[in-house]
Amino acid sequence: MTAIALELDGAPWEDVCALEDIVPWTGVCALIAGRQVAIVRTGDAVYALGNLDPFSKANVLSRGIVGDKDGIPKIASPIFKQTFDLRTGQCLDNPAVRVPTHEVRIERGRILVHREPRPGDQDGA
Amino acid sequence: MTKKQLVVVGNGMVGHRFLELLLESGESERWNVVTFCEEPRLAYDRVNLTNFLGGKSPAELSLVGPRRYEDAGVTVHLGDRAAVIDRQCKRVLSAEGRRIPYDVLVLATGSAPFVPPIPGRDAWGCFVYRTIDDLKRIRLWAAQIQTGVVIGGGLLGLEAANALTHMGLETHVVEFAPRLMAMQIDEGGAQILRSKIEALGVSVHTGKNTTRIVSRGGRVTEIRFADGGVLAAEMVVFSAGISARDELARNAGLEVGERGGIVVDERCRTSDPDILAIGECASYRGRTYGLVGPGYQMARTAVSTLAGGDDRLGVFDMSTKLKLMGVEVASFGDAHGTLPGARVVAFSDAVSGVYKKLVLSSDRQRLLGGVLVGEASSYGQLLSLTQSKAALPPQPEQLILPRLEGGAALPGVDALPDAATICTCQNVGKGVICKAIRSQDLTSVGAVKAATTAGTGCGSCVPLLGELLAREMKRAGKKVSRDLCEHFPHPRQELFHLLRVHGVRSFDELIGKHGRGTGCEICKPAVASMLSSTWNEHVLEDRHLGLQDTNDRFLANIQRDGSYSVVPRVPGGEITPDQLIALGWIARKHCLYSKITGAQRVDLFGARLEQLPQIWRDLVAAGFESGHAYGKALRTVKSCVGSTWCRFGVQDSVSFAIRLENRYKGLRAPHKLKSAVSGCARECAEAQGKDFGVIATEKGYNLYLCGNGGMKPQHAQLFATDLDEDTLIRYLDRFLMFYVRTADRLQRTAAWFNNLEGGIEYLRQVLIDDSLGICAELESDMARIVDSYRCEWKATIEDPVKLARFRTFVNSPEPDPSLVRVPQRAQHRPATWEEKQLHLVPQEAE
Ligand code: SRM
Ligand SMILES: Cc1cc2nc3c(=O)[nH]c(=O)nc-3n(C[C@H](O)[C@H](O)[C@H](O)COP(=O)(O)OP(=O)(O)OC[C@H]3O[C@@H](n4cnc5c(N)ncnc54)[C@H](O)[C@@H]3O)c2cc1C
Ligand code: SF4
Ligand code: FES
């Protein structure tokens, strides 16, 4: 793996790419501690969530269309089009499904993603 | 006559059946028979193993009559394991030190339970469930504890769980997959099965990835899951599948299958003609068979092979019916509906706990398979319908629907009972959907999906949802909204008009002026299409990138595992030998599965995201252009060979097809566009099934419009006759642009036509007589598109900014490790989720 791990405040953050590497309203995928994580940029924010689409079981969420539902920022799976709340990973079409999310920080134009999913989040399986 | 020596390794169900058949056939006269039996007892009925816990003695379970082998002169080495096959000297060395020569060797070593590599799995209190001795150990242990956990929610796991409850334990079943019995039954069936099993006091935990088994003082105390969950356990029984015992054969250098098992041909011969393999240890046609039926069939074939007969293995029926904890479960034929064109009807009743599903052939004439849970009395009848391929009654769903009062049901959604499942993927019934529409005042299919989850799987029920919605809304006296989505209070046609009239060139501008919010997966691709068919800018420009569906975004077709397929354009289907060689060469170089498509060209499957640019560099270098198989755009103009070679051809249909394809390639439309040109009335190019079709006549060409193949085939309408090429193209320019402007999103020309008041006569007035005075505009719009055409892929590989987007990971050059391939018919296919889960293929690292 070529990614560089940064130790900031003792917390394990990973520097994945520059903000401008992601075109607004699109996503990319990063490999973080062996996990595939979708990094998604909206107009003014960056979110990180598991890249595994729980419905198709393909690692593709980062390639979905980004938008909103009643103001909730969301991404649609490119395979069967279910949508997920970018902030919480909650599937908006099925209350029982949720993908893990990671904390994100932007510092000096770089996107830093926490190596571990937010506590309590399922490892998408 | 000196007898030859036959050695049989393994005296399980199949090894024993083989010996019986051999003795019966008289063939045993020619052989000196020796068998190794690793277990301390001769073959017994493993299928009914659980009865041992119910009180049956090993003697009652035994399959071998007293003195049967002795009397027949079969030498048995009981409790001795064959350890090595020495093929050079043709002898078997055993664990006890025996050296037994053979002329022919038969391997019937069965399988071993698969124990997932979970740390701690060796603790005391961890068991498998395969032999009488395993069950003795389990029984002894169970006597001192209260709670037991079975890892594996498949057929065997549930059987083991049943046994634990009978021993008085508080029982849990842990399954990695999201549902029980994923191999045999589907989601709908699994839900019913689960609720029934839970009602019997077994706790079911699905979607749980066990990561550690914790022990204290060597004894298991709890198991932990990837999601942080913990389950107390004093006993763990692994029942997570089986793996063939092919180690003897493997070490002897015999061919073994990709997914394990000793490879045999249809006569049960391994790669060494003096060695046969039968039963669960054998891999036939790329897989092993965990049921006794196929094993018995192999035993018969192997005896025939020994006797010089020509019995051959056929297709194995993997149908099963069993009673799990008193719940009937049956799965037969193509239970998952994986055969091409398979259709599904299902019925589910959560109250009485019954689920029934039939898989039908595309014409609904034959039964291909099915699943029954909770009530399986019709299993025999349905299985026989499947196997006999008998014609079905006109409404096959009647076979599983409960009889309605007052005679036969009527077709259509209205006729379905409220209990009928509408969405099989999510198992949602009609009653639930109608109730949600009424009580939550739903007014769009999207809202119905969100409220009920129906329609969020394969999508095949969405038209039914639309029907139900329209029906309910009509009942409530409401109008169905035609707004594009929540972000645009306009139908597509109005938006298109606004976009053209105001010269809008980006989504941001359009939503800023005429919409609200930030857009979604419905309006973005629709607007992308409108922008493209108006201004024809490259779809991967930064400001258009986020609007594209994944196929357009990566200029390739996404496949079920997240890899892509590549379809180069072959205008008119005419291809030179050199182009064919180039395609083959490129497919081989990049290790792509290749297939001739249904539209006269070649599809190359299995490309990883980061491979696409190099594949296209190679294709562009060989003179190919993008085929737009990924876009809602012109696909192909099929041709027949026409007057170029054919004795009946009256026009040069190939040249004209190529001219049309090159004119309209790259045109983005509300939906895909397909076309064909036939050289005479015999119509070999099937032009009347296309969005626009051309059929040659003595005097020119007839033009047909608005046909469709696919889900709802529709004949095209004859629009004008005996046209010359240029006039026909002028009409087509007008027709296509009129469709592009006025159709709904994702509406093919046929559906659009069906909603046009005035039909084909109206189309003639607009496009020939110019009744709306827009023909000149339509033509110049088309001219602009034609003039600005550039191959999207050629432009992409020349642009480093666009190229940078074609990588799997933004921070690593590694390929996606979850893309796993399985060999199939001399090529390969993606591994299924089940195969990955059941460890039938190499797994990505956890
Ligand atoms: C590859 C191919 C099957 C094959 O192996 O032969 C194919 C594959 C797909 N078809 Fe098709 N269709 C293919 C020929 C056809 C044909 C035959 C033809 O074009 O002559 C038809 C019927 C003709 C017609 O469309 O009128 C056809 C009717 C459909 C439909 C139903 C359309 C309809 O209006 O009912 C869909 C679904 C859709 O578009 O919404 C579909 C959708 C698809 C999709 C895009 C499904 C998907 O979203 O993944 C498949 C993409 C495959 C891929 O990744 O490349 N495909 N599909 C054929 C590609 C032809 C080509 O070279 O471009
Ligand atoms: C609990 C349970 C329930 C089942 N229920 C059903 C059911 O309902 N329907 C169904 O069709 N199937 C069922 N099965 C599967 C069925 O039992 C098997 O398909 C069948 O037993 C396979 O026969 P086999 O001879 O290939 O393997 P086995 O019966 O496993 O026999 C192989 C024998 O070879 C021995 N052996 C292995 N290696 C060596 C060696 N090197 N030297 C000497 N001996 C060796 C093994 O110890 C074993 O005794 C069930 C299985 C289990 C465990
Ligand atoms: S969409 Fe076309 S190619 Fe895909 S499975 Fe259906 S019929 Fe076959
Ligand atoms: S049937 Fe597949 S989504 Fe409804």
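This is a predicted model: local features need pLDDT of at least 70, side-chain atom pairs count only at pLDDT 80 or more; totals for chains, interfaces and linings use all residues.
I will begin with ligand 2. Its shell holds 28 residues, and the closest are B:E38, B:E39, B:R46, B:R130 and B:E280. By class, that shell divides into twelve nonpolar, seven polar and nine charged residues.

Helix 1 gives the most, with three residues.

Now the polar contacts of ligand 2. A polar side-chain atom of B:E38, which is also among the closest residues, is 2.5 Å from an oxygen atom of the ligand. The backbone takes part as well. At B:A82, a backbone N or O atom lies 3.0 Å from a nitrogen atom of ligand 2. At B:A108, a polar backbone atom is 3.5 Å from an oxygen atom of ligand 2. As for cover, ligand 2 on its own has 990 Å² of accessible area, and the protein covers 92% of that.

Next, ligand 1. There are 18 residues around ligand 1, and B:Q559, B:G598, B:R601, B:K672 and B:G709 come nearest. How many nonpolar, polar and charged residues does the shell around ligand 1 have? The counts are two nonpolar, nine polar and seven charged.

An N or O atom in the side chain of B:T597 is 2.7 Å from an oxygen atom of the ligand. For B:R748, a polar side-chain atom lies 2.9 Å from an oxygen atom of ligand 1. For B:N708, the corresponding distance, again from a polar side-chain atom to an oxygen atom of ligand 1, is 3.0 Å.

That brings me to the aromatic residues. Over all chains, the structure holds 16 aromatic pairs. A pair of rings is described by the distance of the centres and the angle of the planes.

Take B:F719 and B:Y731. Their ring centres are 6.0 Å apart and their planes stand at 85°; planes over 60 degrees apart count as edge-to-face, so this pair is edge-to-face. B:F719 sits in strand 36 (residues 717–723) of chain B and B:Y731 in helix 21 (residues 725–742) of chain B, twelve residues apart, so to speak a link between distant parts of the chain. Are these two residues buried or exposed? B:F719 has a relative accessible area of 3% and is buried. B:Y731, at 12%, is buried too.

Helix 21 of chain B also holds B:F738, which pairs with B:W752 in helix 22 (residues 749–754) of chain B. The two residues are 14 residues apart, and the pair again links distant parts of the chain.

Elsewhere, one aromatic cluster is formed by B:F554, B:Y564, B:W616, B:W793 and B:F806.

Last, chain A. Of its 125 residues, 59% are buried.

Terms used
Residues are numbered from 1 along each chain as its sequence is written. Chains are lettered from A and ligands numbered from 1 in the order in which they are written. Side-chain values use heavy atoms; hydrogens and water are left out. A residue is near a molecule or strand if one of its heavy atoms lies within 4 Å of it. A polar contact is a pair of N or O atoms within 3.5 Å; within protein, one must be able to donate a hydrogen and the other to accept it, and residues adjacent in sequence count only if both atoms are side-chain atoms. Accessible areas come from the Shrake-Rupley method with a 1.4 Å probe; for residues, only the protein chains shown count as cover. Helices (H or I, at least four residues) and strands (E, at least two) are DSSP runs, numbered from the N terminus. Ala, Val, Leu, Ile, Met, Phe, Trp, Tyr, Cys and Pro count as nonpolar, Asp, Glu, Lys and Arg as charged, and the others, Gly among them, as polar. Rings of Phe, Tyr and Trp (its six-membered ring) pair if their centres lie within 6.5 Å; planes under 30 degrees apart count as stacked, over 60 as edge-to-face and the rest as tilted. Buried means under 20% relative accessible area, exposed over 50%, partly exposed in between (1.4 Å probe, protein chains only).
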